[in-house]
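Please prepare a briefing on the structure below. Cover the salt bridges, the strand pairing and the charged surface.

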Amino acid sequence: MNVLSLPNQPATEAFAVRLAELSRPGDVIALRGEMGMGKSVFARAFLRALASDPSLEVPSPTFSLVQIYELPKATVAHFDLWRLDGPDALFELGWDEVQQGIMLVEWPERAGEELPSHALHLTLLPGTGETERMAQVTGWDDRL
């Protein structure tokens, strides 16, 4: 596991841009962290980087549970599983159909055993300062 200090929101966004550059179809990024830790900030920057569009509208999929983006590099499915009834409900969201693209999964623990074993696990935790986050990163040993 790697641990990175992200001193502020621009650092979190820069880290998301770097992971977007390294990502490829078939990837899954599992985003963990309590509310307010920057999961949505990370996802927004990641998607905007993949789209090469800094103004791309990236709504939170909290109520829809999934937002699909047709981007040049791959189709990206951004899941927010906070309100998911259980892993069985994933298939109603098209979970199987989007695995050839890139998947960003907030609250991945709600996917249970359905979360692919090759996922990059990114956990955002509070740092020492008000805006600092610590990022615990596991996976992608061949790329990071």
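Arg18 is partly exposed at 44% relative accessibility, where buried means under 20% relative accessible area, exposed over 50% and partly exposed in between (1.4 Å probe, protein chains only). This is a predicted model, in which local features need pLDDT of at least 70 and side-chain atom pairs count only at pLDDT 80 or more, while totals for chains, interfaces and linings use all residues. Residues are numbered from 1 along each chain as its sequence is written, and side-chain values use heavy atoms, with hydrogens and water left out.

**Salt bridges**

- There are four salt bridges, each defined as a side-chain nitrogen of Lys or Arg within 4 Å of a carboxyl oxygen of Asp or Glu.
- One of them joins the side chains of Arg18 and Glu21, at 3.1 Å from N to O.
- Arg18 and Glu21 are three residues apart in helix H1, and therefore separated by about one helical turn; helices (H or I, at least four residues) and strands (E, at least two) are DSSP runs, numbered from the N terminus.
- Glu21 is exposed, with a relative accessible area of 51%.
- Arg24 forms a salt bridge with Asp142, with 3.4 Å between the closest N and O atoms.
- Because Arg24 lies in the loop between H1 and strand S2 (28-32) and Asp142 in the segment after strand S7 (133-138), this pair ties together parts that are 118 residues apart in sequence.
- Arg24 is partly exposed at 40%, whereas Asp142 is exposed at 61%.
- The side chains of Asp27 and Arg143 form a salt bridge at 2.7 Å, N to O.
- Asp27 lies in the loop between H1 and S2 and Arg143 in the segment after S7, so the pair ties together parts 116 residues apart in sequence.
- Asp27 is buried, with a relative accessible area of 4%, and Arg143 is buried at 18%.

**Strand pairing**

- Strands S3 (residues 66-70) and S4 run antiparallel and are joined by five bridges; two strands pair if DSSP finds at least two bridges between them.
- S3 and S4 form a hairpin with four residues between them, and Val66 stands opposite Phe79 in S4.
- S4 and S5 run parallel, also with five bridges, and Asp80 has Glu106 in S5 as its bridge partner.
- Five of the six residues of S4 are buried, so S4 is largely enclosed by the rest of the structure.

**Position of Asp88**

- Asp88 is found in the loop between strand S4 (75-80) and strand S5 (102-106).
- Asp88 is exposed, at 68% relative accessibility.
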